[in-house]
Every structure is written in structure tokens, then in C-alpha cells.
Amino acid sequence: MDRFALVLFVAGFLTCGFAAASNTGAAAPVIKEQPDNVIARRNDPATLNCAAAGATSITWFRDGEQVVTSSQDPRSHRVLLPSGSLFFLRVATGRRDTDAGTYWCVASNSYGVTRSRNASLVVASISYDFQAQAEALVKVRAGEAAVLPCKPPKGSPEPSIKWVKNGQEVGNSSRVFVTPDGDLVINQTLKEDSATYVCAATNVAGSRESPPSELVIMNPPWIQQYPNNVTTASGVQIELECKALGSPPPRVTWYRPDGKIPYSRSKIEETKLTIEQAAATDSGIYTCEASNEAGSISANATVTVVDAPVLTEKPQVVRTTAGSKLEMVCRVVGNPEPMTVWRLPPRNRTALLLPSQSNGHASVSHDGQILTIEQSTPLDSGVYYCWGISSGGGVSAHTKVMVVSGYPPPVIGVGPKDLTTAPGSIVSLPCEVVSESATPKVSWFYRAARGVPPHQILENIDNPRLSITINGALIIKDIQAEDAGIYICSVKADTGKTEQEAILQIKENANMKIEKRLPAPPSKPQVTAINETSVYLRWLPNSQGTFDSDSWYTVEFWKYGWEKWQVASTVVKDESCIISDLKPGEVYTFFIRAVSKLGASFPSPWSDPFLTHPSGDSAVQPDLLHHARRRLARPTVTLTGANITGPSSTLLTWQFLTNPDIIEGVLVYFVTGGGTINVATVLGSSSSSHHLHSLEPYTGYTFFIVPFWHSIEGTPSNSLSLVTPEDIPMESPANVEFTLQDDGSALLTWSTLTLKEARGKVIGYQVTLTHNGSQIAEAVSEPFLIIKDLVLGPLYTVRVAAQTGAGLGPFSSPVLMDLGIDLSRQPHQHDSSHIINSGSAVLYAPGQQTWLIYLLVPVVLLLFVATLYYVRRLHQKSNLNASQTPVVYQDPTAYPGHPSINMYSEHKLWQPSTFGNSTLSSVKLLPSDHQLNEYAEPRTRRVEEMTEPYATTSLLMRPPAARCHGGSVPMRQLLSREGSPCVRVNWAAFLPPPPSYPPPHDLDLGDPKCQRMHMQEGPRLYAASSEYDNISTSAKYRRPCDATSERSYYMYTQLPVSRYRSGSLTFQNNKTNNNSERLKRDRRPKRPTFPPYNNTQ
């Protein structure tokens, strides 16, 4: 049953298969290519694809209506392609006819119809106006978010949006991105986000751009340059500058919170506030405010207008004699407290004294108000300045000091005159004295006639008729004949003496002359220098007297060293004159007398002592001098800035307050905190700055300026103070010491630097420790270091450097520390001259290069061994056949052309003193036919030639190929087996030279006795003398062996050439008579053909 069912199933399956195969060609069409959606621009061609298999026709439908193609209507722009696709020649869109819609194709045949899927044809379009867009100007504070909206124009399909920044497309990031709605969002805006932005909308129909939008990122203002606090003197110009930046640029305004800005004297230029003629009321706080749309900021500056110091007491004119004490007082007050400076008269511009200072001759009190000179001298004469200086300005006062060696002697203003009177009358002889420097004493003397010694008149003693009044006049009552004679008025004072005499005659019936009134004395003369030898005097006539045309003036003067006053000019018609022919550098005093027919007046008051200009010092016209002094007495310059340009340099700037035409230059003073005063001269009034160099780093300075014209110095400026920056140390720490502690650590100490050496504040030290090529650097703040974990035995090198705020200074010289072995168990001894600190460790001075010694010792040993080995090899290769015939002494007469030249090119003589009976060497030195004297030739001398022992070795060397020096053999002819020459070692190059002078007289040469030498036989031969020989009238050295000496000296003489026998040469010793020793030669090598030469040349 099951098998039957299975057979039926298979038969049915096969039947259905064959039926399907036979009906394939009669089926409905199959769509092979479905149409797709198409977007096309208006009037552009477009194609809707459609392909079917087994279709006899394909028809297109749009929105349910059949599409009319060109095959149906030739006017149609729609074409049905053979493949079944629908082709649009141009896509039309309009109210009447439009191609937009939903399309599908239908494929049909006789067996059926097949429909494709729907496809849309969209005619692309885009409008011109954006639905939403950003404003033309958008301002945002920096850091805030900025949103630029953009809604694109209507279009089909929907336009896509992109943002363009200054022509470049904006990419999306976490901070900058475009929202799905098209808005541009910028979070945390930055300054670089400021730009022009454009929103661009694009589809198939085209693109549209929105109007540009300017995005401005605003930065709140910030102060680039803060205004500086100003402290200045009154009357100067103040400038306050405040620079601010921001976006947009901020506007800067000035105001004063605690008062009003003096607008009548101030102006604002951009960001700078200027106040003219500053006054004390201008002191206060000034505020500059910078503001923009993003915010505002302000900065303050304090202005302090300080009034100049005030002189409450000025120094007075001083006139005194040498040796007296001088004191000058100058009191200056002000706020801040001014610095009082005394300017001494020497031409040296640095002759300044500050409070509590002294130059060894003059000193200033602690408060600076009193200048004292204990022992004055004429060199102290001159003009002294007292300056009061502060940050508010400066004041100046000056006085003249005249120190003279002595004052003028007294002058008899009205003295006695010759008088003739009758007996019984009364006579008055005047003697009025002028002495402004000492109290005079008037004495009267009487002399009966010329040649008779005078005697002093004593009141009421010699003659009761005589009396002397208070003013010095002598009154004689009841004149008698014996009263006739010569009367002398003598005046004495501490400054000198003078006298005047008158003759009194007694005659009967003589008439007394009526005394007439003398002219009145003029005023005190004023003296002004013209040049080194001339002065200008001027005075005024007496207001109570009359000066007619018949009157005139006389000028008298005096200088130290003169006993009396002298007449300088006898007739002067005017109230002024010039006195010439004076001596430079001398002190003169002048007075004037008015003279008429009645006589000379009483002297005028003496002039002040006047010092003429020293030689070489040019004088200035009085009018110019007065004008310059008056101009410079007022403040003329102010110091405006002192800017540090380096550790040792500062730039000073100043400005003139008045027309500087009278100013010849300025003196720039800079005073250290320790009181050291320096000055720099800047010539010309056009300069307004000066760069000071060579200042000390890390030092406080006070600067001020003094204008000058010739020798006149004006009022100083205000002062400015600063401290120069630090610099690196100039020196390295010294006294590096090393001590090994009990715990195995090491204590390293060194000395600190002085302030001048450090050039700053030492903030620490750097120590480097080197060991076996490795280096360890350690920074410490104190001048010591504890080093641990040291290894005993090797050397350590230590260097130390100091450090300031400017940097690290130079390192000290390397110091070697030799720890040695355990020194606590086995102490070492070291030379104290090489040890710096011999504690538990040895610290060697840097000059001892121990490492070099350790290196040189093995190198020297190695070279020595190599040399010995090399010489030994050469000796092994040599065939030594040395002869034993000595040829040491040659007859110089046989070789007249051969000079005796030693290895030092000198002709010196050294006579041996202890040869005795010594035997000559038997080693052969030269061949018998060698005619050159190559070795020592002791010269033959007469005894009376006073020959002295002196080192002389005459050497003439042949080429090294013919000979070489050996150790025990002076000269040996060595030939190798191959015939090559041996190597010669010139030991003379290593030995010290012979002495430059003969041995001293008391040198013990070891001779038992001294005997005179006599030539035994043969002629006396003499070698050519040299500049070192002591013969005849040469250097006259005293011989150590003379007639009174116990030492004996032996001289060798050469035998004549005729005494040569059978190839041998005989030498004779004068002491042994004819007992000479023969030295035979074994063989004669051939004489070389090349000339000899000196190895010392």
C-alpha cells in the first residue's frame, strides 16, 4: 500500500513538471528594470527607466493618466525609447503642462499585463529669499556662545545648508557645529572667531547665499601699561600714561576720585595725562578708566608733589688767619628730610662732604649742618657751597672764605706835619691810626737832631708840659726853645708797625697856620678780578664832602710779606681804576684816599682781602659772572628718570626748566649708600640724558644733577634713588676645608663672600664632587656640606661656587681629597706645604697635580726599559773590535787650522788638580791617523800665567755613522755585522753645562800640598787664548793654588810630534818626570773622507 502511494506521488510530480515546461513561452511580461525617482531641473533632459521581458508593448502612466509620447503626438517632448524607458527632452513645469508627478510603466502581451512600481519625477526648484538669517553685525563677549540662525529658501528638494567663514567652509567640531535646522553655533568664542560668516543653501536647482554677517568677538579692556606713581618737585611737568587694549579698542578717560584735575594746566593726548607746573595741590590719586562694550577696567596712580627744601640759615662770609678754626653753618629743612652736601672749593668736582664725613682736614657734623676746619690754611680760601637735596628739589647757598697768612699793618690816617711856632704857644701833633685787624699802640719819640738817638716821650714824667690824648695826638704846652726838634709818632700792633715824623721849629714872632679841613674819605672799594695780574676797583665818594676838579684819589695796597703799605696808583680822577702787575695767587688788600690841595684824606675802609686768580686760571668779566651767578641761583634743571639698564649701568634723563643758554654743562653726581661720591661731566645744554656705566651691582645709589657755567655751579636738581640689580658673583669661595667625622661622613666648609665679591645676596652654594669619572652636584644654602657614604682610598675632587639671584658664579679651583686607607687606624704623615687641612683626610692644594705624577712614573719606566732593550739589541748585532790605543792629546801645532772648541762653543780651561799618578785610559779613542782634536786638550801654561782650574772640554764630532758614545768607553768605533753604523747617544745633552766661572777661592780640591810646576822637557806649547782664560792682564782671577797654598796642581804638556814612536804616543807628567805610560794602538781604521763637525752647532 505504501509503495503504491509513493508511485502515484512521483507520477503526479513528473506530470506537473512537464506541463509547466510546455507553457513557458505563453506567460505574461516580467519587469526586468524598475523605474527610479528622478529629480531634474526645469528644461533639463530626464529619463525614467523601464525594461520588461516578453512584453509586446510598454505604456507609461502619470498620476493615473497615460502619458502621451512623441509616437502618439509629434509635438510631445516625451519620447518612448525602444527599451521601454521614458525620455524627456526637457522637463517642463508650469500651470498648464508639467512633467512632475508619479510615474509607472505597464508591460503587456497576449498573455497578460505587468505593472512596475511607482517612481516620482520631481522638478527641482529653489527660491531666492531665506526664511531666516543672521543679522549683519553680531557682537559677543569672548567666552560666550554665539548662534547665527539660518533657515534656507523654499526649494524642491529641500536645500542643504553650509556655513562659510571668510571664504572657507566651516567644519563641524565639538565647539563649532551646524544644527539640523541650519543654525551655526560657536561655543566658548575666541578672538579668532571674529570673521564674516555666510549661510549657503544648495539643491539641484542651484544655490543661494545669505547676506554676510559680521561676528565680532568682544574682549573686555585690559591694561597694557599701568600709570606709574610719580614723586616730583613742584614746578615741573607731570606725565601719566595709561595704555589699554581690548576689542573693540577701549576709550581711556582720566579722573581724580579725591579732587579735581587742574584742567587749566593739564591736557589729555590719547591715553596720556600731562600736568604743567605741578604744585603741592596736585598731589593725590589719579585714575585712568578704559571701557568698551565688553566691559571696563581702571588703574590708579599716586602723584606726590614735593616742595623743594628750604634754607633756614645760610653760611656767612669768613675771614681769618691761617691756623685758626673755621666753622660754617647751613641749616636746611624740608619734607622729606633733605640731604645736606658741602661743596669744597678745590677744582676737583668730587670734593664733596656728606654728613658725618671727613677728608682729614675738614669734617661735617652728624646732621650735616656744620662744616668745621680745625687748622685753616690759605689753601682753604675759596667759595664753599651748601646744597640741600631731596626728591622734591634742591637749594643752594654759598659763601666766601678767606684765610690769609697775616693782616695788613696799621696805617697812620692823619699824622704829624712840620710846624713852626713861637715860644709860649701850644702845639698839637696829631697821630690818628687805622688798624682793622689788631689794636694799635701809639708811642712818641723825640730826637734833638739828625743822628742823635731818639728817646721815648713819657707823659708827665720827662716834661709835665707834654701830654698824649686818647686818639694819639701829642700836645705840648708853653713851647720853649729847647722843645724844637724832630717828633716821631710810632705805631705798633700785632700785624706790624709804622711811624711818621715831623719837625718842630721855634721862632720868635712866628705865626701859627690855621689848619684847613681835609677831604672826606671815600667808601670801601670793591674788587673784581680781570685776569691773573689785574683787578678792577670801584668806590663811591663821600656823601658829606665835595670832590671838585682839583681833587683826585690815590690807591694804596698791601700783600702778605710787605712791612708797609705801598702806593698802587697816585692820581685817579674817577671812582674806579684798574690795578695791574699783581702776582697770581696772592692776597691783596686795598684802600683809597681822597687828595686835594689841602692834603690827603683819612683812608677809606679797607677792602676785603682779595685772592688773584692762580696762574693758568682764566678770569671772567664781572658782568658775565654776576649774570651767570644770578641765573644759576634759581632751579634750572630737574631729574626726570633713572632707568636701570643692567647690573652696572643706569640711564639718567633730565629736562631744563628755563632757557639753558647760560648753562655750559651739567655735573651728574651719584652717591652710594656708603658715602662714596662719583661725578660725570656732561658738556653742552642740548644733552638731556646720560648713560652711567661701571656702577656696582646690588648697590644703592642717589643721583642728582648740578648745572654749571665756568667755575660757577648752580642749584642742584632733585634726587632720585635706586638699587642696582644683582649680578653673578665675581669670586669663588675660598678656604675650602675638609674634615672626616667619626661616623664616616665628611664635613666640607668654605668661607663666605663679601658683598663686593658676591655682587648680590648669596642665596646658596653649589658643590660638585667628582670621583672616578662620576660627578655629583649638591645645592646648599649654608657655607658647609656634610657628605656621607664616602669610600676610603680613592681621590675625590671638590669645587664650590656661590649663587645669587642673577645666577651661579665661578667655581673654586679643584681641591683633591685623599682619604687614603682608614686613617683612624693607620695615621699618615703629609708635607704641610701641600696640605690645606690635615684632619682625618688629606686635602691637597690645587697646584699639586698628583694624577700627573701617577701617570708620568709608569711612562718613564716604560721608556727606560724600552731604551735599554733597544740598545742591547744593537749591541748584540755589532761586531766589537775595539783598539786600546789612546789618542787623547794632540799637538796643536800639527793642526793649526783646528781651533779648540768645546761643546758650548766656548774657550774655557779646566785644569784637574788631583791626577797625581793616575793611569790614563787604555781604551782606544781615535785612530792613529786621525788628525782632529776631538776630545779634551788640557792646555800647557806657564806657572807665572796664573792659570786657574776651570772646566773646558773641546769636542769636534764626526758624523754619527763613523762613531758612537758608549757607557764606559768615551769613543768607540762600532760596526754591525751588516756594516751599518751604530747608534750614538749624546749624553752631553742630558748633563749640566760646565760652570760659567772658576771655582771659588776657598774650594777644597783635595790636594795634599801645592808645588810649583816646571816643564821637564820638550818645547813649551801654548794654545790660543780665549775670553775666558785667566792669563796675563785678563780677568786677574786669584789662583786657589799659589805660593802660600798647600794644594798642588798638575799640568800636562804635550810632547813634540817627533817623539811619536812606532805608532804610539807618549804623554809626560811634569811631576813624575819621564815616567810616562805608553798606550799602543792595535789597528788603524781608515781615515774618513768627510770633514768633522761640532755636535753643539
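**View 1. The disulfide of Cys431 and Cys489.** The sulfur atoms of Cys431 and Cys489 are 1.6 Å apart and form a disulfide (a pair of cysteine sulfur atoms within 2.5 Å). This is a predicted model, in which local features need pLDDT of at least 70 and side-chain atom pairs count only at pLDDT 80 or more, while totals for chains, interfaces and linings use all residues. Residues are numbered from 1 along each chain as its sequence is written, and side-chain values use heavy atoms, with hydrogens and water left out. The torsion about the S-S bond of Cys431 and Cys489 is -60°, and the link is left-handed. Helices (H or I, at least four residues) and strands (E, at least two) are DSSP runs, numbered from the N terminus. Cys431 is buried, with a relative accessible area of 0%, and Cys489 is buried, also with 0%. Buried means under 20% relative accessible area, exposed over 50%, and partly exposed in between (1.4 Å probe, protein chains only).

**View 2. The disulfide of Cys150 and Cys199.** Cys150 and Cys199 form a disulfide with their sulfur atoms 1.8 Å apart. The link is left-handed, with -75° about the S-S bond. Cys150 is placed in strand E15 (residues 150–151) and Cys199 in strand E21 (residues 195–203), so parts that are 49 residues apart in sequence are tied together by the pair. Cys150 counts as buried at 1% relative accessibility, and Cys199 counts as buried at 0%.

**View 3. The disulfide of Cys50 and Cys105.** A search of the whole structure finds five disulfides; one of them joins Cys50 to Cys105, with an S to S distance of 1.9 Å. The torsion about the S-S bond of this pair is about 65°, so the disulfide is right-handed. The pair links distant parts of the chain, 55 residues apart: Cys50 is in the loop between strand E3 (46–48) and strand E4 (51–53), and Cys105 is in strand E9 (residues 101–109). Both Cys50 and Cys105 are buried.

**View 4. The open sheet of strands E24, E31, E30 and E27.** Four strands form an open sheet in the order E24-E31-E30-E27, with mixed pairing. Two strands pair if DSSP finds at least two bridges between them. Strand E24 (230–233) and strand E27 (251–255) stand at the edges with a single partner strand each, so one side of each has no neighbour in the sheet. From one strand to the next, the twist averages 25° (axes are lines fitted to C-alpha atoms, for helices over the stretch in contact, and angles run from 0 to 180 degrees between N-to-C directions). E27 and strand E30 (residues 284–292) run antiparallel and are joined by five bridges. Trp254 stands opposite Cys288 in E30.

**View 5. The surroundings of Ser534.** Ser534 is in the loop between strand E52 (526–529) and strand E53 (535–538). The residue Ser534 is buried, with a relative accessible area of 9%. Its side chain is joined to that of Ser580 by a polar contact of 3.5 Å. A polar contact is a pair of N or O atoms within 3.5 Å; within protein, one must be able to donate a hydrogen and the other to accept it, and residues adjacent in sequence count only if both atoms are side-chain atoms. Leaving aside neighbours within four places in sequence, Ser534 is in contact (heavy atoms within 4.5 Å) with Ala529, Ile578, Ile579 and Ser580.
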